[in-house]
Amino acid sequence: MWAELSRLLGKMAATMKNVEEIRSRVILGEFGVKNVHTSDFPGNYPGYDDTWDMQKFQKNFRIDVVHLDESSMEFDMVGIDAAIANAFRRILLAEVPTMAIEKVFIYNNTSIVQDEVLAHRLGLIPIRADPRLFEYRNAGEEAAEEEASEIDTIQLQLKIKCSRNPRASKESSDPRELYLNHMVYSRDIKWVPIGNQADVFADSSIGPVHDDILIAQLRPGQELDIVMHCVKGIGKDHAKFSPVATASYRLLPEITLLEQVEGEKAERLKRCFSRGVIDLEDVNGKKVAKVVNSRLDTCSREVLRHDDLKNVVKLGRVRDHFIFTVESTGILPPDVLVTEAIKVLMAKCQRFLNELDSTDMK
């Protein structure tokens, strides 16, 4: 009787362990990926209470900043569902506003670049200006130059003419020596303040983020005379308004060694993973493989190609641990972009709650 009870308890423990793995891990197999869908919804697993609990969420949820510099940021978002993580990623890409060139008034263009192509190139140049200090321009306004306002528009000007260099050597064939202003770069775009902008943005360096973006090439006699208007917009309307070069996430890799691997086998196991994931330590004169930092793994599953190694390691990913990478275009620092994306997500949630309340009242 006791033996039977012990067997049943052991089987139940094994079942609970399998259920926990299904709920919290994505398993990488030789011929496929298992447990890819979220399944921890109420009533799906007997013995588990998966009803929404704010206190439980606040206890488990956290954000850990791993790396931060002026152009990129890496952070961990833990304790959240993939749907929310993906919504956050999409907001970063398409719903955090920036300033970008919207209207291009070409007064003179004698270069070989067509007006339409030139306007498109100018529109994609990132403009360093804090969008939080500007208003959205009314969609009904006409596209007239004189209607630009200091609260919703930044005016830029590109005025340049190519000429021959009188000091150039007669034997030279290098355009850089023969001509002046023959390469038009983003550094040639100048900010022209509107209204009181010169006083309001006296401490700001409004203009292109990068000064070495090639716009066009000219030859003597050719010139460009262009006025540009930058307005506030979001990436959902046009990609030029997107504040990030990349915004992506991946699940935290988890590598488990099911048995001790030593000797030449351990050396091969180390080579199957990214550098820094597996290390070899000396145990009684033998080289033994040890998982050092599974975070560095790219989950290539190279180890599963080796018949003598694929059964000694288990590859998985933690379902609710997202590693975010955000690379800014330079318009705003990446930490500011993340903060603004959170504000947009909060506003969306509040708008949804307001709609529910108004529906209930009806």
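**View 1. Contacts of D188 in the predicted model.** Leaving aside neighbours within four places in sequence, D188 is in contact (heavy atoms within 4.5 Å) with Q157, L158, I160 and M183. D188 is found in the loop between β10 (183-185) and β11 (190-192); strands are DSSP runs of E with at least two residues, helices are runs of H or I with at least four, and both are numbered from the N terminus. The side chain of D188 reaches the backbone nitrogen of Y185 at 2.9 Å. D188 counts as partly exposed, because its relative accessibility is 21% and that class lies between buried, under 20% relative accessible area, and exposed, over 50% (1.4 Å probe, protein chains only).

This is a predicted model, in which local features need pLDDT of at least 70 and side-chain atom pairs count only at pLDDT 80 or more, while totals for chains, interfaces and linings use all residues. Residues are numbered from 1 along each chain as its sequence is written, and side-chain values use heavy atoms, with hydrogens and water left out.

**View 2. The largest nonpolar core and I215.** This core has 26 residues, and L122, L158, I215 and L224 have the most contacts inside it. A nonpolar core is a set of buried Ala, Val, Leu, Ile, Met, Phe, Trp, Tyr and Cys residues joined through side-chain atoms within 4.5 Å. At least two residues each come from β5 (98-109), α4 (115-123), β7 (154-161), β13 (214-217) and β14 (223-233). Beyond four places in sequence, the contacts of I215 include L118, L122, L158 and Y185.

**View 3. D76 in strand β4.** D76 lies in β4 (residues 72-78) and is buried, with a relative accessible area of 6%. Its side chain makes a polar contact with the side chain of R295 (2.7 Å). A polar contact is a pair of N or O atoms within 3.5 Å; within protein, one must be able to donate a hydrogen and the other to accept it, and residues adjacent in sequence count only if both atoms are side-chain atoms. Not counting residues up to four places away in sequence, D76 also touches H321, F322 and I323, among others.

**View 4. Residues around the largest pocket.** The lining has 37 residues, of which W52, F57, G79, I80 and D81 lie nearest the pocket centre. A pocket is an open set of points on a 1 Å grid over the protein atoms alone, where a 1.4 Å probe fits, with protein on both sides within 12 Å along at least five of seven lines; lining residues have an atom within 4 Å of a point.
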